[in-house]
Amino acid sequence: MVDSLLHFFLFASAVLMALIVCIKSTKYRNKNKKRFKLPPGRKGWPFVGETFPYLKPHHATTMGDFMENHISRFGKIYRSNLFGEPTIVSADAGLNRYILQNEGKLFECSYPKSIGGILGKWSMLVLVGDMHRQMRMISLNFMSHAKLRSHLLRDVELHTLSVLDSWSVRRTFSAQEEAKKFTFNLMAKHIMSMGPGEVETEQLKREYITFMKGVVSAPINLPWTAYWKALRSRSSILRVIERKMEERIKVMNCEGIYGDGDEDDLLYWVLKRSNLSTEQILDLILSLLFAGHETSSVAIALSIYFLGGCPEAVRQLRVEHLEIASNKKQKGDVGLNWDDYKQMEFTHCVINETLRLGNVVRFIHRKALRDIQYKGYDIPCGWKVLPVFTAVHLDESIYKDPQQFNPWRWQKNSSSAAAMSGNFVPFGGGPRLCAGSELAKLEMAVFVHHLVLKYDWELAEPDHPFAFPFVDFPKGLPIRVHVIT
Ligand code: HEM
């Protein structure tokens with residue numbers, strides 16, 4: 001009897017304990033769930049969430065229906081489920097700045113795995129921490145201010161002239177293709193001393209077209225998909241780079257010294273001065289070639305497109321560039337120099353406006369490294385965070401008539417210039433600010449200089465930049481040019 005009572009007592013205590021633990025842990029879970037005051041939003045479909053509507057192609061000069069609808073329904077900060085992860089989307093200028101400035105402390109770069117698969121695990125876009133800093137230093141050195149003045153300006157001009165001179169006998173062609181040719185040749189020359197028109201340069205250019213399609217496609221590795229083809233192109237590109245590396249090492253070994261010549265390209269520089277492994281060098285070169293030509297070629301095509309629709313801006317540009325050109329002629333100078341570049345004030349307004357309205361890089365990928373509070377909302381640790389630059393650049397509370405191409409808004413005397421500049425982040429910001437931003441602006445300015453002095457142009461057939469989300473012209477921006485006599 002005593003035995004049975006004891007058993008009953010033990011059994012009842014165990015059940016009671018289990019109940020207490022269960023209630024406590026449910027309470028804890030509920031408390032934990034309630035702890036976050038998340039921004040309003042929607043989850044969308046299981047797994048894919050709202051990724052497809054978010055990425056739906058739209059005119060590049062708009063933020064797209066998805067963003068517009070979500071902002072008007074939930075506000076400038078909302079939650080969603082994108083790229084398979086719970087996400088906070090920010091169209092808020094203040095939060096975007098906060099994210100950029102707190103890189104590595106509260107937020108960290110976090111691109112989808114497929115980007116690492118294609119650009120390589122040593123690509124700067126996916127690296128974080130010390131390794132990122134090391135790669136960044138190499139890239140910054142390669143595009144330093146001193147190098148821009150001493151080498152790059154001259155080469156940017158030579159490559160511009162080589163492309164623009166070929167237009168005089170062609171009349172109608174794809175401006176997007178021409179811009180790609182210009183930026184690719186420039187990068188290939190400076191990264192690996194590969195000359196325009198050489199067999200290997202042309203092969204590399206072709207491979208990059210397939211490669212680019214894979215970077216922005218769904219990461220499905222099956223033999224007919226764009227991603228699969230891009231992975232094959234990646235291998236071909238790496239083979240070319242590796243061949244160039246071997247040639248270079250042979251020369252360096254023959255010379256017996258690692259010379260200090262000014263004409264070094266990036267490949268020579270990393271072989272000579274860094275302790276990176278072959279795999280790291282290959283990924284660095286591949287991703288710099290990619291970052292350095294895709295973005296700035298789109299920016300140049302966008303400037304041709306916007307200027308084509310704004311004759312008043314072209315007239316004002318011509319006045320500015322004619323003055324620079326005639327001053328040079330009087331002095332007997334040939335080739336643009338840094339002082340000429342600095343005089344291109346209105347050109348810089350055109351560049352800013354092109355980048356604001358065209359939004360070459362529309363958003364970036366980050367994740368929260370800890371629980372963060374912002375404007376009364378919680379951003380839970382580990383969540384994806386997407387600062388959307390486009391939404392800020394097209395925000396009418398910052399940019400009056402945001403859909404208008406209006407370079408004059410950037411003139412120094414403009415009353416809202418400070419607010420506009422503070423919220424203008426076409427190149428990102430903070431510790432990951434685009435390493436090629438100065439080079440990109442230089443390329444645009446020099447291209448515009450010779451373009452407006454040599455040609456008049458118009459669209460040969462209607463075309464418009466689309467965000468896929470990478471910006472592209474569906475017809476390649478066909479233009480007709482007339483030589484200015
Ligand atoms: C108009 C042209 C360009 C635009 C709009 C642009 C935009 C950007 C943006 C927004 C980022 C930041 C990405 C992030 O934070 O996740 C970035 C990074 C980067 N860009 Fe550009 N870029 C342009 C041209 C170039 C050029 C010409 C180069 C030269 C090779 C270049 C090299 C890089 C590199 C190396 C990074 C990574 C920086 C880092 O992680 O520290 N970009 N770019």
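This is a predicted model: local features need pLDDT of at least 70, side-chain atom pairs count only at pLDDT 80 or more; totals for chains, interfaces and linings use all residues.
Reader: Why is Cys434 partly exposed?

Author: A residue is buried if 20 or more other C-beta atoms lie within 10 Å of its own, exposed if 12 or fewer, and partly exposed in between. Cys434 is therefore partly exposed, because the number of other C-beta atoms within 10 Å is 18.

Reader: Which residues does Cys434 touch, not counting residues up to four places away in sequence?

Author: According to the UniProt record, an unreviewed entry, the annotation "binding site" covers Cys434. When residues up to four places away in sequence are not counted, Cys434 touches Phe427 and Gly428.

Reader: Of the residues around the ligand, which come nearest?

Author: The ligand has 22 residues around it. Cys434, which the UniProt annotation "binding site" covers, belongs to the group that comes nearest. The complete group is Gly292, Thr295, Gly428, Cys434 and Gly436.

Reader: Which helix gives the most to the shell around the ligand?

Author: Helix H6 (129–142), helix H12 (278–308) and helix H18 (437–454) each supply at least two residues of this shell. By class, the shell has 14 nonpolar, six polar and two charged residues. The helix that gives the most, with six residues, is H12.

Reader: What is the order of the strands in the open sheet of five strands?

Author: The protein has 13 strands, along with 18 helices. Strands of a sheet pair through backbone hydrogen bonds, either parallel or antiparallel. In the open sheet of five strands the pairing is mixed, and the order is S2-S3-S9-S6-S4.

Reader: Which strands stand at the edges of this sheet?

Author: A strand at an edge has a single partner strand, so one side of it is left without a neighbour in the sheet. Neighbouring strands of this sheet are turned by 35° against each other on average, direction ignored. The strands at the edges are S2 (77–82) and S4 (107–109).

Reader: In what sense do strand S3 and S9 pair, parallel or antiparallel?

Author: S9 is joined to strand S6 (residues 366–368) by two bridges, and these strands run antiparallel; Lys367 stands opposite Lys384 in S9. On the pairing with strand S3 (residues 85–90), there are four bridges, and Ser90 stands opposite Pro387 in S9. The sense of the pairing between S3 and S9 is parallel.

Reader: Which residues of strand S9 are buried on its two sides?

Author: In a regular strand the side chains alternate between the two faces of the sheet. Both faces of S9 (residues 384–387) are covered. The buried residues are Lys384 and Leu386 on one side, and on the other Val385 and Pro387.

Reader: How many bridges join strand S10 to S13?

Author: Strand S13 (residues 478–483) is joined to strand S5 (residues 172–174) by three bridges in an antiparallel arrangement, and Ser174 stands opposite Pro478 in S13. Strand S10 (residues 455–459) and S13 also run antiparallel, with Tyr455 opposite Val483 in S13. The number of bridges that join S10 to S13 is five.

Reader: What percentage of the residues of the protein count as buried?

Author: The C-alpha atoms of the protein fill a box of roughly 115 × 60 × 40 Å, taken along the principal axes. Among contacts between residues at least 6 apart in sequence, 71% join residues at least 24 apart. Of the 485 residues of the protein, the buried share is 38%.

Note on methods: Residues are numbered from 1 along each chain as its sequence is written. A residue is near a molecule or strand if its C-beta atom, placed from the backbone, lies within 6 Å of it. Ala, Val, Leu, Ile, Met, Phe, Trp, Tyr, Cys and Pro count as nonpolar, Asp, Glu, Lys and Arg as charged, and the others, Gly among them, as polar. Two strands pair if DSSP finds at least two bridges between them. Two residues are in contact if their C-beta atoms, placed from the backbone, lie within 7 Å. UniProt positions are given in the numbering used here, feature names are shortened, and annotations may be inferred rather than shown by experiment. Axes are lines fitted to C-alpha atoms, for helices over the stretch in contact, and angles run from 0 to 180 degrees between N-to-C directions.
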